[in-house]
Amino acid sequence: MNSIDDLIAIVRDELGLPITDEDAEAGFDQLAGWDSVHLLRLVTVLESTTGRRMSLPAVLEADSLADVYALATQ
Amino acid sequence: MTISTDTPATDLLALHRAGELAVNYPKVPGLLAELDAAGLTRAGHVLARLDPDEVRRHHPGTPVVGVAVTGHGTLSALVPALTAELARHGLLLRPTLGNFGSYLVELSDLDSAIHRADPDVVMCVLDPVMVLEELPLPWNVEDVRRALDEKVALVTGLAARFESARRGHLVVNTLPLPRAVTAQLVDYRSRARVGAAWREANAALLRLADVHQRLVVLDLDPILAEGVPAAEPRLSTYAKAHLSTELLAEMARAVGHLARNLTGQTKKCLVLDLDNTIWGGVLGDDGMDGIEVEDTYRGQAYRAFQRVAKQLSSQGILLAAASKNNPEPVREVLRSHPGMVLREHDFVRVSANWRPKHDNLSELARALNLGVDSFVFVDDSAYECGLIRTALPGVAVVHLDEDPALNVQCLLRDGWFDTREVTDDDRARPARYRDEVVRQDFLQTFDSIQNYLDELGVRVDLAETTERDVPRVSQLTLRTNQFNLTTRRMQPADVRAWADAPDSTVLSIRSADRFGDNGLVGAIFLRRGADGLHVENMLLSCRVFARGIEQACLAAVLGHARDEGDQAVYGSYRPTVKNGIVADFFTRYGFQRAGTAFRHDLRDIDEPPEHVSLTLSFPRSTP
C-alpha cells in the first residue's frame, strides 16, 4: 500500500462501498453504508495485504479511513 | 506455454465496478463456483451491497430466501457470508440482522423485527462465551455444568416456542469447547469432567432435532476437526465476535444448502467420471489389470471414494457414470474386476463413449426426467469440469484433487445432497430408476462442443523431438493404447534412432489451454520415401483427444509435405483391441485407402480447426 488511494481502492473492491477519494478524511459516520463489520473486514484485508498485524483497539478508535491508513502504514 | 485469462473473481469485480451486477445476476453462480473461501468472502461483501429488489426487477424469477440472523455476540460477518453462499445457488438473500445482545427478546417476542420479517430461516448463533460469562470466580466444573444446563434449557424453550408460533426453520449450533476452559483446570480429572459436561450439553442440543421438525442443529465439531479455527481472540475480545469469520462462513455454507433444499433445488444425481476418478489410471491404456482400485496405495484411496458413492446411493442419490471410454471394457470392469465396490447395478446409467460429456448429461437428464440442475458432476479433468460449467451452468461441478486421498473430502466438502429427511421412497429410488432407464450408447457427435472449444484457447506446439523429449515420447509409445495408430512400442534408444536417421524424424506435440499447460501429449513419427512422406505412427494422450489437436497436427504435416514438394502423404493404421477410436482417422481427414495404407494426394488439404492456434517449428527439408 503506497498511498491512501490504495486504501480507497481496497474499500471499494473488498467491501463493495462506492466511496471516492474525497471520502478519505470524512468520518465513518459520513460514509454511506458504513458499519462496524466493514472495519473488522478491513483489518483482516489490510493485515494480509501488508503482512503486518494491526492494533485492533487502535483501529476500533479510528474515526476515518485516513486514521486507518496511518495505523496500517506506521 | 502459459495462458493468462480473466479469473471469475476479476470478472465479478468488473461487473461490480460497472454497476452491472444486478443485471447480470444469473451469471453470478458461475463466477462463484470456482472461488476458494477467501474469494467467496470477498465476493460476499461486494454482493451484499446489492439490493435484492433491484435484482428482482431485472430477473423476477430469482428465488428470494429470507434469513434472520440473531444470537450471542457480533454476527454481522454472517450477512456477506450468507449472501455469497445463497448466490452460489442462484438464490437471493433477504437478510434481517438482529440487534447485538438481544436474541432472547427477539426470538421470544413475536412482534420483534426478525419475526415481522417473516423469514424462511432464523439462525440463532450460540457461542461458548455465553456460557463463560455466567461463571462466578473462582469457578469449578459444577458451575460450568449449571451454566450449560441453563443455556440448553433456554434453547429448548426457544425451539418449542418457535415451532408453535412461526413458519420456517430455526438453525442453532453446538458450542465449540475452548482450550481456555479445560486448560484453566489443572488436574486431569476435572478437565475430563468439564469436557464431559460440555459434550453432554452439545448432545442435548443435537437431540432437539429429534423432537422439532423444523429445527436444524449444526454440529460444529466436524468442521473444527478439519482445522477451521473456532475463534479469533482479538475479534472476540475487542469486537465481541466470538466465532471466527471462517467458522461463520462454514455455517453460512450449511445454511446455503438448507436454502437450496427449501427452494426445491436439491441435487438428486451424482455423475461420476471413471478414469482417475473412481479408479486410478486410464482403462483404455492400462487395461483392466492395470487400473488401481484395491491393493496399491492409490488404489485404496479410489476404493474409499467408491464406498462413499455407494453410501450416498443407499440414501436415494442416483449414481451415473460419464466416461470417455469404449463401453465394453467399462462393462467388463464393472462386472468382473474383483476390487470394485461399485457395480453395474449401482448405476442408473453408464455412458461410456466418446461424445462430449455435456451431451451425455443432457441425455441422462431426459432419460431420468430430471433437470440437469439436479446433477452433481465429478471429474479429475479441468477440461471436462470447465466444459460442464460452460455448457450446463446448473450442474454442480466437483473438480477432484490430483491426489486421490483428498477425493472424499472434495466430494463431501459441500453438502450437495443435504436434505431435511430421507424417506423409504427415497431409498427405493435408485432401483426404480434403474428399471426405467434404457441403457444405450451413443454415436459420436462433436458439433455441440464448438462453442466451448472456441473459448478454450487451445494452443499446440509441433516441433522436432529433442533429446530432452525422448524419455517422454518413449513413455507415450509404451503407455498409449487408444490414440495410437500402429501401437509400435519404442524404448528411448529406438526413439533416438528414429529421430537421428537421415530419412526419418519425430515430432513432439505439446498443448496448452486456458486451464494450463498439458505438456508433451503426443508424437508423430515420419519417414520420407521415394513416393512421399509416410506417417508411420501418431499418438496422442487421451486426456487431450477430440479437441482438434490431432486434426491441426495432421493438417500441419500435410501442409509441410506439400511445401516440400512431396507427391503424397501415406498413413499407417494397425488395428488393436484398444485403438478402435482412430480406425477412421485418416479417412476422416481426406486420405483414401491404398492397399493396407492410406494415401493423401495433397490436392485438397482440410483447413485446420479455427479454435486451435498451432506453432510449427520443424526445419524445411526434413522428412
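Guide: What follows is a short chat about chain B, one of its pockets and some of its residues.

Visitor: Okay, what should I know before we start?
Guide: This is a predicted model, where local features need pLDDT of at least 70, side-chain atom pairs count only at pLDDT 80 or more, and totals for chains, interfaces and linings use all residues. Residues are numbered from 1 along each chain as its sequence is written, chains are lettered from A and ligands numbered from 1 in the order in which they are written, and side-chain values use heavy atoms, with hydrogens and water left out.

Visitor: How many helices and strands are there in chain B?
Guide: Chain B has 26 helices and 18 strands. Those are DSSP runs numbered from the N terminus: helices are H or I with at least four residues, strands are E with at least two.

Visitor: And how much of chain B counts as buried?
Guide: 55% of its 623 residues. Buried means under 20% relative accessible area, exposed is over 50%, and partly exposed is in between (1.4 Å probe, protein chains only).

Visitor: New topic: what is the volume of the second largest pocket?
Guide: About 1500 Å³. Of the 43 residues lining that pocket, His257(B), Gly415(B), Phe417(B), Asp418(B) and Thr419(B) are the closest to its centre. A pocket here is an open set of points on a 1 Å grid over the protein atoms alone, where a 1.4 Å probe fits, with protein on both sides within 12 Å along at least five of seven lines; lining residues have an atom within 4 Å of a point. Points are joined across faces, edges and corners, and the volume is the space filled by probe spheres set on them.

Visitor: Which helix gives the largest share of that lining?
Guide: That's α14(B), with seven residues.

Visitor: Where is Glu550(B)?
Guide: In helix α25 of chain B, residues 549-563.

Visitor: And where is Arg488(B) found?
Guide: Arg488(B) is in the loop between α23 and α24 of chain B. It counts as partly exposed because its relative accessibility is 42%.

Visitor: How far is Arg488(B) from Leu208(B)?
Guide: Their C-alpha atoms are separated by 67 Å.
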